[in-house]
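Have the coordinates open in a viewer while you read this.

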Amino acid sequence: MSVYLDNAATTPLDPEVFEAMKPFMISDFGNPSSTHSHGRKVRAAIESARKKIAELLNCTPGEIIFTSGGTEADNAILLGAVDTFNVKHIISSPIEHHAVTHTLEILAKKGRAELHMVALDERGHVDLSDLEILLKKYPGSMVSLMQANNEIGNLLDIKYVSDLCEAHQAFFHSDTVQAVGHYRHDMRSLRVCGMTAGAHKFHGPKGVGFMYIRKDKKIHSFIHGGPQERNMRGGTENVYGIIGLAKALEIAYRDMDEHARYITKLKAHMIAKLEETIQGVKFNGDSANLERSLYTVLNVSLPASDENDLLLFNLDLQGISASGGSACASGAAKGSHVLGALYPESKRNAVRFSFSKYNTVEEINLAVSVLAGLCKVKV
Ligand SMILES: Cc1ncc(COP(=O)(O)O)c(C=O)c1O
């Protein structure tokens, strides 16, 4: 049996999404920029996909710009906002995704802006009073803080942070790649200036996503070329990707409550089973807290032992696909910068399990028993 528990890395495509994409791979092949009927038909489909996404997010279609995914969207917003608003100070955290941290490091290295890291508490949550201190100290800055951490699942209250940023005239970018499609976003009440999504995190196709840019926070474009995407992103559109993205989001919203309940139950079951079967098991960040973490992610911390060293490899050999990262940043295994920031001294092993609507209790039971077999540790 093969068990896929790495849904934070990517999710399987929903067959319903594939059906929606198919015509645009074969018969409806026109270039949306062409003015003839082949092109106009495809243009209409793209605009209706944009409108659908805007309806779901309660924003205007003009605020949705299609990209090649989350990484491009994060880069475009961060680089664009610093350039457009002449940002001199950036506030972020050490546990953001590399699409954010590496982009910010380049901006800092080039001397475009100074980078300030907000304090985190012992569970990896942003210290909101420290954020307020930084916002007061550096008015007019850019803040980049993710809504849901892809490794430990910690959730940020983006409504609170967006209001706080607005009160201090800061541009607030949130990497929402792990949250879009799993939580609802009402852009008329959230004061987020820019946020990002990747379709493959919610059963859509890979290589497509979008950025939301609030209409009063328009930024300079990142990819120069033709006038596509309202001059915000040159290049012929990934038509079937965009159609698949909109369909995947529509399904995600349609079934969200049911799937959230189901997946949360799987996660709670796995926590209980792990605690029952593996001595000394712990959970990284706040991922075992069902209220304050992404319901799709559980990051398990296991006592260090020699047998544990090849944990992911051995899990894979026994048919369990999960992902890892230890706090250790030396040697061949580079380790996780998130766990490294939270637990710099830890020698424990870490495995991230992440779930989707397609997982079952039987799969969770199997994963736990395989993991328990690999963790015969003395504590
Ligand atoms: C939090 C977060 N941001 C950004 C990305 C990058 O998204 P994409 O793979 O669509 O470029 C990911 C993907 O792993 C992610 O988890």
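Ala 372 sits in helix H12; helices (H or I, at least four residues) and strands (E, at least two) are DSSP runs, numbered from the N terminus. Leaving aside residues up to four places away in sequence, Ala 372 touches Thr 277 and Ile 278, where contact means heavy atoms within 4.5 Å.

A word on provenance. This is a predicted model, in which local features need pLDDT of at least 70 and side-chain atom pairs count only at pLDDT 80 or more, while totals for chains, interfaces and linings use all residues. Residues are numbered from 1 along each chain as its sequence is written, and side-chain values use heavy atoms, with hydrogens and water left out.

Now widen the view to the helix pair around that alanine. The axes of H9 and helix H12 (residues 361-374) come within 10 Å and cross at roughly 25°. Axes here are lines fitted to C-alpha atoms, for helices over the stretch in contact, and angles run from 0 to 180 degrees between N-to-C directions. That crossing makes H9 roughly parallel to H12; the cut-offs are under 35 degrees for roughly parallel, over 145 for roughly antiparallel, 65 to 115 for roughly perpendicular, and oblique for the rest. The crossing is right-handed, a label used if the near helix is turned clockwise from the far one by less than a right angle, with anticlockwise giving left-handed. On the H9 side the contact includes Leu 266, His 269, Met 270 and Thr 277, and on the H12 side Val 361, Ile 364, Val 368 and Ala 372 are among the residues involved. By class, the contact of H9 with H12 has nine nonpolar, three polar and one charged residues. For the classes, Ala, Val, Leu, Ile, Met, Phe, Trp, Tyr, Cys and Pro count as nonpolar, Asp, Glu, Lys and Arg as charged, and the others, Gly among them, as polar.

Helix H9 (residues 256-277) lies across E9, E10 and E12, running at about 10° to E10. Those strands form an open sheet of three in the order E9-E10-E12, with antiparallel pairing. Its edge strands are E9 (282-283) and E12 (349-354), each pairing on one side only. Six bridges link strand E10 (residues 297-302) to E12 in the antiparallel sense; two strands pair if DSSP finds at least two bridges between them. To pick out one of these links, find Asn 299, whose bridge partner in E12 is Arg 352.

On to the other sheet. An open sheet of seven strands runs in the order E2-E8-E7-E6-E5-E3-E4, with mixed pairing. Strand E2 (64-67) and strand E4 (114-117) are at the edges with a single partner strand each, so one side of each is left without a neighbour in the sheet. From one strand to the next, the twist averages 20°. E6 and strand E7 (residues 194-198) run parallel and are joined by two bridges, and Ser 174 stands opposite Met 195 in E7. H6 packs on this sheet, touching strand E5 (142-144) and E6, with its direction at about 160° to that of E6.

H6 also has a helical neighbour. Helix H5 (residues 128-137) and helix H6 (residues 158-167) cross at roughly 20°, their axes coming within 10 Å, and are therefore roughly parallel to each other. Leu 128, Leu 131, Glu 132 and Leu 135 of H5 meet Tyr 160, Val 161, Leu 164 and Cys 165 of H6. That contact has seven nonpolar, no polar and one charged residues.

What about aromatic rings? A search of the whole structure finds two aromatic pairs. In one of them, the ring centres of Phe 85 and Phe 171 are 5.6 Å apart and the planes are at 35°, so the pair is tilted. Rings of Phe, Tyr and Trp (its six-membered ring) pair if their centres lie within 6.5 Å, and planes under 30 degrees apart count as stacked, over 60 as edge-to-face and the rest as tilted. This pair links distant parts of the chain, 86 residues apart: Phe 85 is in the loop between helix H3 (70-84) and strand E3 (89-92), and Phe 171 is in strand E6 (residues 171-174).
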